[in-house]
Amino acid sequence: MKVLVAVKRVIDPSVRPRVKRDGTGMDLEGVKMSMNPFDAIAVEEAVRLKEQGIADEVVAVSIGGQKSQEILRTALAMGADRATLIATDVEVEPLAVAKLLKSVVDEETPALVLLGKQAIDDDSNQTGQMLAALCGRPQGTFASKLEFEDGSVRVTREIDGGLETLCLALPAIVTVDLRLNEPRNISLPNIMKAKSKPLAQKQATELGVDIAPRLTTLSVAEPAKRQAGIKVGDVDELIVRLKAMGALS
Ligand code: AMP
């Protein structure tokens, strides 16, 4: 079984993002970038499937500028067999990403496509669902457990207030949630080994897909600063203050 994993280069989750002074977007100048954390979980799962003999090839794909090669090398160091960069300097929205991924799916015909449930920069939570619709494949979103049976995958999904288990016929699209696994630390020998693994490159413009933006960002703003807290003397005073704020009846 071939597994395709989509990985996006985003602001490192440990960095506090800054909004550009003119409010047109995030200031990425000199900011540390990494693989989207949910995508690292997707790569980890694909590599574990290979280690268990369920998958026989893991292919990582990213859409973005040349620097996205760095996160593809990370995926290779984690254990992916090869990678493809769909190169573009245009900022691509989820629909464009889904269309570009579809052309990769058409060419690679993987039995399973793994994506993160969301990219932590745009928080769209759309790409996997759009890809499933464009490919006409079953989808399992927010996966916290995957179990493979003959020609199908059971996906345990994290939903409000509990878990739901779906059985999807392969080929399928799955988006992964936080609790699926904990991605491995990458060893130095594996980083070195990754340098010689194949990393192909295609121009997004070659794929015959309309990636023109559909959305206009009107403004981006920092969240409102938190108000300073108040220290209360005892529980009675706390209750009085909460009642005054309308937080208690
Ligand atoms: P989103 O719908 O933007 O929240 O992204 C959901 C998932 O789609 C991500 O976790 C990635 O697996 C995948 N994805 C989004 N954008 C890209 C990209 N530029 N390149 C590769 N995968 C992407």
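Which residues lie nearest the centre of the largest cavity? They are Lys 8, Asp 39, Val 97, Ala 119 and Thr 127, from a lining of 24 residues.

First, the conventions. The model is predicted, so local features need pLDDT of at least 70 and side-chain atom pairs count only at pLDDT 80 or more, while totals for chains, interfaces and linings use all residues. Residues are numbered from 1 along each chain as its sequence is written, and side-chain values use heavy atoms, with hydrogens and water left out.

Now the overall picture. The chain has 6 helices and 11 strands; these are DSSP runs, H or I of at least four residues for helices and E of at least two for strands, numbered from the N terminus. Along the principal axes, the C-alpha atoms fill a box of roughly 65 × 45 × 40 Å. Of the 249 residues, 40% are buried, where buried means under 20% relative accessible area, exposed over 50%, and partly exposed in between, with a 1.4 Å probe and protein chains only. Among contacts with a separation of 6 or more, 70% are between residues 24 or more positions apart; a contact means heavy atoms within 4.5 Å.

On a 1 Å grid over the protein atoms alone, a cavity is a set of points where a 1.4 Å probe fits but cannot get out, whereas a pocket is an open set with protein on both sides within 12 Å along at least five of seven lines; lining residues have an atom within 4 Å of a point. Grid points are joined across faces, edges and corners, and a volume is the space filled by probe spheres set on the points.

The count is 2 cavities of 30 Å³ or more. The largest cavity has a volume of about 320 Å³. Strand 4, helix 3 (94-108), strand 6 (112-116) and helix 4 (127-135) each supply at least two residues of its lining. That lining divides into 10 nonpolar, 9 polar and 5 charged residues. Here Ala, Val, Leu, Ile, Met, Phe, Trp, Tyr, Cys and Pro count as nonpolar, Asp, Glu, Lys and Arg as charged, and the others, Gly among them, as polar. The second largest cavity holds about 30 Å³, and its lining has 4 nonpolar, no polar and 4 charged residues.

The largest pocket contains about 1,500 Å³ of space. Its lining comprises 42 residues, with Lys 8, Met 26, Leu 28, Glu 91 and Asp 121 nearest the centre. By class, the pocket lining has 20 nonpolar, 10 polar and 12 charged residues. Strand 2 (9-11) and strand 4 (57-64) each supply at least two lining residues, and strand 2 gives the most, with 3.

Next, the ligand. It is surrounded by 18 residues, the closest being Asp 39, Ala 119, Asn 125, Gln 126 and Thr 127; a residue qualifies if one of its heavy atoms lies within 4 Å. Ligand oxygen atoms lie 2.7 Å from a backbone N or O atom of Asn 125, 2.8 Å from a polar backbone atom of Gln 126, and 3.0 Å from a side-chain N or O atom of Asn 36.

Gly 64, in strand 4, is buried at 9% relative accessible area. Leaving aside residues up to four places away in sequence, Gly 64 touches Leu 85, Ile 86, Ala 87 and Thr 88. Its C-alpha atom is 7.8 Å from that of Lys 8, which is 56 residues away along the chain.

Asp 12 sits in the loop between strand 2 and strand 3 (33-35). The side chains of Asp 12 and Ser 14 are joined by a polar contact of 2.4 Å, that is, a pair of N or O atoms within 3.5 Å; within protein, one must be able to donate a hydrogen and the other to accept it, and residues adjacent in sequence count only if both atoms are side-chain atoms.

Finally, the backbone. Most residues other than glycine have a negative phi, and most peptide bonds are trans. Thr 109, in the loop between helix 3 and strand 6, has a positive phi near 45 degrees. Phe 142, in strand 7 (residues 139-149), has a positive phi near 55 degrees. The peptide bond from Leu 170 to Pro 171 is cis, with omega near 5 degrees.
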